[in-house]
Structure formats: C-alpha cells, structure tokens
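Dear colleague,

Please find the structure below, handed over for your records.

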Amino acid sequence: MQYDDILYEVRNGAAWITINRPEKMNAFRGRTCDELIHAIQRAGYTREIGVIVLAGAGDKAFCTGGDQSAHEGQYDGRGTIGLPVEELHNAIRDVPKPVIARVQGYAIGGGNVLCTICDFTIASEKAVFGQVGPKVGSVDPGFGTAFLARVVGEKKAREIWYLCRRYPAAEALSMGLVNAVVPHDQLDAEVQKWCDEIMERSPTAIAIAKRSFNMDTAHQAGIAGMGMYALKLYYDTEESREGVRAFQEKRPPEFRKYAK
C-alpha cells in the first residue's frame with residue numbers, strides 16, 4: 001500500500017507510524033484509518049520489529065479524531081459510518097507487539113481514544129487530552145467509553161465524556177491515562193528509552209501477556225461493533241448534523257431544538 005496520510009519509519013527495531021496531516025491537526029479520514037491499519041499489521045507481524053510507536057506530525061496535535069470536514073452524516077471511507085475505526089482499534093489491541101502513543105500536543109476525541117487503547121502513552125508536558133464527541137454530535141461506543149472507564153475509573157470517564165473538558169498532561173498522568181510526562185524537548189528520547197527497554201524483553205512473553213490482558217476486555221470489541229450501527233443511525237439525525245454544522249461554522253450548537 002502507498003501511504004499518503006501517514007509516515008512509516010523503522011528506528012532501532014521500533015516502527016514509528018506517524019499520522020501526517022498536521023494541517024488538519026492530524027484528524028483522520030477514511031484513508032488515514034486504512035493506512036494505519038495496514039502499517040500496524042505490517043509492523044506487528046515483522047519479526048525484526050519489537051515495538052510500535054504511534055505519533056502525530058508537527059508540534060500542535062497528536063490526533064484530534066475524525067476529520068469533521070469529511071463528515072456530513074457519513075465519513076468518506078468504508079465501514080459502518082464511513083470510518084473503519086473499530087477495525088483500527090482492534091488492530092492496535094490485537095497486534096502482538098506493544099504500541100506506544102507518543103503525544104506531543106492535543107489528543108482530543110478519537111485521538112484521546114487511541115491513547116486510551118495503546119499499551120503505553122508517553123506525553124510531552126505540553127500535551128492536552130479530552131473528549132469532544134457530545135459537542136459535535138458524536139460519541140465513541142466501546143473502547144472509547146467502556147474501556148476508558150476501566151483505565152481511569154467510571155466516574156472520571158463519565159466526566160470526560162459528558163463535560164468534554166480539557167486535561168493537561170500532568171492531570172492525565174494522575175488519573176492513569178498516561179504512563180509518563182516529560183519536558184517537550186525530551187519526548188523522543190523518552191519514547192526511545194521505553195522502546196529500548198521493551199526490546200530487551202522476551203517478545204513471545206510480551207505477546208502472550210498482551211493477549212492475556214486483552215482477554216478481560218474482548219467483549220468490548222463486540223460492543224464497539226454494535227455501537228457503530230447505533231452511531232450510524234445517530235449520524236442520520238438533525239441533532240448530530242447540527243453538531244457538525246456548528247463546529248464548521250465555529251458557533252455554539254443548538255442541540256436542544258433537535259433532541260427528542
């Protein structure tokens with residue numbers, strides 16, 4: 001596959017997969033998801049690769065979720081909602097190599113979900129985390145909600161989703177959403193340090209451990225798949241479309257007049 005939306009590079013036994021859409025704050029469209037799935041599976045089943053790093057280009061954003069400019073009731077790609085996000089999430093969870101999210105800026109919406117489901121998240125002190133779905137007429141069923149509750153606790157997960165607040169890196173660390181926070185100019189060195197440590201361990205033991213960790217949450221993949229069908233129906237409502245319109249027009253949404 002030719003990559004247009006991502007970059008793929010191997011550094012000292014680690015595959016660095018970078019969303020390369022900085023002009024869109026690294027928001028993903030359908031093609032981006034397809035390329036990420038391909039690259040993750042490519043790295044995950046290459047013997048010489050010991051760990052996968054998921055990153056975003058530029059200094060502003062790791063990823064800000066689905067590209068709203070490619071969304072009007074349906075995204076631009078394949079899958080139930082035009083974005084194969086459940087397949088992307090499953091690729092990260094199922095690949096037999098640890099996946100590290102390298103977060104240098106905003107990890108918002110679907111970007112925050114990617115951080116949640118990666119094995120590790122290493123953040124710059126400039127990183128900012130949070131959800132945005134209910135502000136733009138969207139939601140992430142499955143890993144983005146149910147699994148987030150396992151990571152940060154149910155009360156905090158509901159706060160993150162219902163209120164759509166922003167959380168600086170230090171607060172994300174305190175709630176267990178990230179593993180480490182370092183000065184911005186030390187981020188790559190810290191990520192490489194984690195990669196080096198991982199690659200000193202038994203790859204087979206790590207693959208078995210990852211599969212074992214995932215067994216307890218395997219049902220969430222099914223929940224996510226079913227949830228996408230519900231989300232598709234929601235995207236067809238005026239309430240959801242109002243969120244997208246308001247985001248694109250840079251105004252507060254008027255959800256209440258469409259809610260039933």
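A salt bridge is taken here as a side-chain nitrogen of Lys or Arg within 4 Å of a carboxyl oxygen of Asp or Glu. By that criterion, D5, R21, R29 and D67 are linked in a network of salt bridges.

Before the remaining findings, a note on the source. This is a predicted model, in which local features need pLDDT of at least 70 and side-chain atom pairs count only at pLDDT 80 or more, while totals for chains, interfaces and linings use all residues. Residues are numbered from 1 along each chain as its sequence is written, and side-chain values use heavy atoms, with hydrogens and water left out.

Overall composition

The chain contains 10 helices and 10 strands; these are DSSP runs numbered from the N terminus, with helices being H or I of at least four residues and strands E of at least two. Of its 260 residues, 51% count as buried. Buried means under 20% relative accessible area, exposed means over 50%, and partly exposed lies in between (1.4 Å probe, protein chains only). The accessible surface of the chain comes to about 12000 Å², and carbon and sulfur atoms account for 53% of this; the areas come from the Shrake-Rupley method with a 1.4 Å probe, and for residues only the protein chains shown count as cover. A contact means heavy atoms within 4.5 Å. Among contacts between residues at least 6 apart in sequence, 70% join residues at least 24 apart.

Nonpolar cores

In soluble globular proteins, nonpolar side chains tend to be buried together. A nonpolar core is defined as a set of buried Ala, Val, Leu, Ile, Met, Phe, Trp, Tyr and Cys residues joined through side-chain atoms within 4.5 Å. The largest such core has 48 residues, and those with the most contacts inside it are I17, L54, F62, I92, V103 and F129. Helix α1 (residues 30-44) gives the most to this core, with six residues. Apart from it lies another core, of 12 residues, among them V51, V53, I100 and V191. Leaving aside residues up to four places away in sequence, I92 touches I40, L54, V99, L114, I117, C118 and K210.

H89 is placed in helix α2 (residues 85-94) and counts as buried, at 4% relative accessibility. With residues up to four places away in sequence not counted, H89 touches V113, L114, I117, D140 and F143. Just after α4, G153 takes a positive phi of about 95 degrees.

Further salt bridges

A search of the whole structure finds 15 salt bridges. In one of them, the side chains of D188 and R102 meet at 2.5 Å, N to O. D188 lies in helix α7 (residues 187-198) and R102 in strand β5 (residues 99-103), so the pair ties together parts that are 86 residues apart in sequence. R102 is buried, with a relative accessible area of 13%, whereas D188 is partly exposed, at 35%. Another salt bridge joins E249 and R251 (2.6 Å, N to O). E249 is partly exposed, with a relative accessible area of 48%, and R251 is partly exposed, at 27%.

Cysteines

C33 is buried, with a relative accessible area of 0%, and C115 is buried, at 1%.

C164 has a positive phi of about 55 degrees although it is not a glycine. C164 is in the loop between α5 (154-163) and β9 (166-168), where it counts as buried at 8% relative accessibility. K250, also a residue other than glycine, has a positive phi near 55 degrees. K250 is in the segment after α10 (238-249) and is exposed, with a relative accessible area of 76%.

With kind regards
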